[in-house]
Amino acid sequence: MSMHTTVNLLLASHFFFVISGKELSHPVLIGALHHSIKILHCSSYVSAFEQYAQFLKSEYPGISIDSATYHPHRLNEVLSNVVFYGKFVAMAAVIAGPATLQAVGINDRQALYVWAHENKFLSVALLHILGGFIESQLLSTGAFEVYVDDMMVWSTLETGRLPTVEEVKSFVKDISKMEA
């Protein structure tokens with residue numbers, strides 16, 4: 001016969017042991033700060049998130065750090081998909097040659113198309129690079145939003161810059177002081 005004991009830890013600067021669903025009457029203090037940090041960021045700030053997470057975990061061993069993507073506006077996502085598929089259609093038209101355009105009723109004697117067909121490799125490379133750049137710009141939000149225990153403490157969208165490591169560290173300390 002085995003006895004199961006459930007220990008639930010609540011996010012706070014101190015924790016209560018919960019045994020069989022009932023709280024013990026005294027708090028149990030743990031030496032390190034125990035907070036949850038969530039950072040919503042755009043894809044261009046992944047390495048910045050990793051640097052902040054590494055620093056905070058070394059400073060506060062018990063801290064929980066989560067990451068999520070800050071999604072762009074839905075219209076930007078749709079436009080990015082249009083550009084993505086459009087660049088492959090354009091690449092196929094350049095590679096396939098004039099017969100493909102004539103089959104769909106497009107004049108294949110346009111100067112740009114003639115140049116692109118004569119310079120296929122360069123044209124495909126330019127379409128790929130230009131299309132990728134446009135897609136990237138449509139999907140980049142510039143967001144780096146920092147939440148400590150579900151309270152927003154920093155917004156790059158509002159400030160226009162990333163927080164320094166010292167600023168993030170001070171957010172955690174300030175919240176710990178408010179709880180004490």
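Visitor: Why is D150 called exposed?

Guide: Exposed takes a relative accessible area over 50%, buried means under 20%, and partly exposed is in between (1.4 Å probe, protein chains only). D150 has 75% relative accessibility, so it counts as exposed. Bear in mind that this is a predicted model, where local features need pLDDT of at least 70, side-chain atom pairs count only at pLDDT 80 or more, and totals for chains, interfaces and linings use all residues. Residues are numbered from 1 along each chain as its sequence is written, and side-chain values use heavy atoms, with hydrogens and water left out.

Visitor: What makes the backbone at D150 worth a look?

Guide: D150 is not a glycine, yet its phi is positive, at about 65 degrees. D150 sits in the loop between β5 and β6; strands here are DSSP runs of E with at least two residues, helices are runs of H or I with at least four, and both are numbered from the N terminus. D149 is in the loop between β5 and β6 as well, and has a positive phi of about 50 degrees without being a glycine. With a relative accessible area of 22%, D149 is partly exposed.

Visitor: How do you know which strands are at the edges of the sheet?

Guide: Strands pair if DSSP finds at least two bridges between them. The open sheet has 4 strands in the order β4-β3-β5-β6, with mixed pairing. The edge strands, β4 (64–69) and β6 (151–155), each pair on one side only. From one strand to the next, the twist averages 20 degrees.

Visitor: What makes β3 and β4 a pair?

Guide: Set their 6 bridges against the required at least two. β3 (residues 36–41) and β4 run in the parallel sense, and one of the bridges joins H41 to T69 in β4.

Visitor: What does helix α1 touch, and what is its angle to β4?

Guide: Contact means heavy atoms within 4.5 Å. Helix α1 (residues 46–59) packs on the sheet, touching β3, β4 and β5 (144–148). The direction of α1 makes about 170 degrees with that of β4, on a scale from 0 to 180 degrees between N-to-C directions, using axes fitted to C-alpha atoms, for helices over the stretch in contact.

Visitor: Why is the Y45 and F144 pair called edge-to-face?

Guide: Rings of Phe, Tyr and Trp (its six-membered ring) pair if their centres lie within 6.5 Å; planes under 30 degrees apart are stacked, over 60 edge-to-face, and the rest tilted. Y45 and F144 are 5.8 Å centre to centre with 85 degrees between the planes, which makes the pair edge-to-face. Y45 is in the loop between β3 and α1 and F144 in strand β5, so the pair ties together parts 99 residues apart in sequence. F144 is buried at 0% relative accessible area, whereas Y45 is partly exposed at 22%. Ring pairs also link Y45, Y52 and F144 into a cluster.

Visitor: How many aromatic pairs are found in the whole structure?

Guide: The search finds 4. Among them are F84 and Y85, at 5.0 Å centre to centre and 80 degrees between the planes, again edge-to-face. F84 is partly exposed at 29%, while Y85, at 55%, counts as exposed.

Visitor: What makes V82 exposed?

Guide: Its 54% relative accessibility does, so V82 counts as exposed. V82 belongs to helix α2 (residues 74–96). V82 and E135 are 53 residues apart in sequence and 9.1 Å apart in space, C-alpha to C-alpha.
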